[in-house]
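Subject: Structure with ligand and pockets

Hello,

Here is the structure you asked about.

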Amino acid sequence: MSILIIFYSRTGTTKRVANRIAENLNCDIEEIFDTKNRKGFFGYIKSAIDAMKKKLTTLEKINKNPESYDLIGIGTPIWTSNMSTPIRTYIIENKEKFNKVAFFCTEGGRGGEKCFKNMAKLSDKTPVATLELTTKEIKKDLHLRKITEYTAKLI
Ligand SMILES: Cc1cc2nc3c(=O)[nH]c(=O)nc-3n(C[C@H](O)[C@H](O)[C@H](O)COP(=O)(O)O)c2cc1C
């Protein structure tokens, strides 16, 4: 089973989780970058507005083709109880090339369930597995057991 972990991370939390998932699975991984500057306070506000309005963005070039993988694990931070704008854009632009999908997200405390529903609807696919982690549990390394359980469902 070939697996690709693809993710967006504005401040590094989702990246930390994505790296650990890919490490557990010993699989390919690619980070998505946005051409829009989302750094700092104004970046936060822009991102909140974009997510609320379900806007799209222009992504930097992506190298890996999801079509070449049996399964892709898509990771996003939660923005205003929804997926981040770069991940919304990625799904819309690539969903025809998806085989199986799995989702994961990081969040301050809420929104994961709603986000996963929207990601499934947008990609037209039911995820094999989902994983919702809070920044608090990640900081305390309490997420590692959940990651192990999640990755076991992907192989
Ligand atoms: C614009 C914006 C909106 C957010 N909205 C939510 C939210 O609705 N619920 C929540 O639990 N966390 C929310 N957060 C917090 C992030 O989901 C959380 O810090 C996440 O782990 C950040 O991931 P990253 O470091 O990979 O960017 C929001 C963060 C940003 C930047």
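A pocket here is an open set of grid points where a 1.4 Å probe fits, with protein on both sides within 12 Å along at least five of seven lines, and its lining residues have an atom within 4 Å of a point. Please keep in mind that this is a predicted model.

The largest pocket

By that definition, the largest pocket has 19 lining residues. Nearest its centre are Arg 10, Tyr 44, Pro 77, Ile 78 and Trp 79. Two or more lining residues come from each of α1, α2, β3 and β5. The volume of this pocket is about 400 Å³. Sorted by class, its lining has 11 polar, 5 nonpolar and 3 charged residues.

The ligand

Where does the ligand sit? The space it takes is the largest pocket. The elements that contribute two or more residues to the shell around the ligand are α1 (13-25), α2 (40-52), β3 (71-79) and β5 (100-107). There are 20 residues around the ligand, and those that come nearest are Ser 9, Thr 11, Thr 14, Ile 78 and Gly 109. This shell consists of 12 polar, 5 nonpolar and 3 charged residues.

For Arg 10, a backbone N or O atom is 2.8 Å from an oxygen atom of the ligand. Thr 13 also has a backbone N or O atom at 2.8 Å from a ligand oxygen. At Ser 81, a polar backbone atom is 2.8 Å from an oxygen atom of the ligand. On its own the ligand has 650 Å² of accessible area, and the protein covers 86% of that.

The second largest pocket

The second largest pocket has a volume of about 200 Å³. Which residues line it? Its lining includes Tyr 8, Ser 9 and Arg 10, then Glu 31, Ile 32, Phe 33 and Asp 34. Lys 36, Asn 37, Arg 38, Lys 39 and Glu 60 line this pocket as well. By class, the lining has 7 charged, 3 nonpolar and 2 polar residues.

Regards

Conventions:
Residues numbered from 1 in each chain as written. Predicted model: local features only at pLDDT ≥ 70, side-chain atom pairs only at ≥ 80, totals over all residues. Heavy atoms only, no water. Near = heavy atom within 4 Å. Polar contact = N/O pair within 3.5 Å; in protein donor to acceptor, adjacent residues only side chain to side chain. Areas by Shrake-Rupley, 256 points an atom, 1.4 Å probe, with all protein chains shown as cover. 1 Å grid on protein atoms, 1.4 Å probe; cavity = no way out; pocket = protein on both sides within 12 Å on 5 of 7 lines; lining within 4 Å. Sits in = over half its atoms within 2 Å of the grid points. Helix = DSSP H or I, 4+ residues; strand = E, 2+ residues; numbered from the N terminus. Nonpolar A, V, L, I, M, F, W, Y, C, P; charged D, E, K, R; others polar. Points joined across faces, edges and corners; volume = space filled by probe spheres on them.
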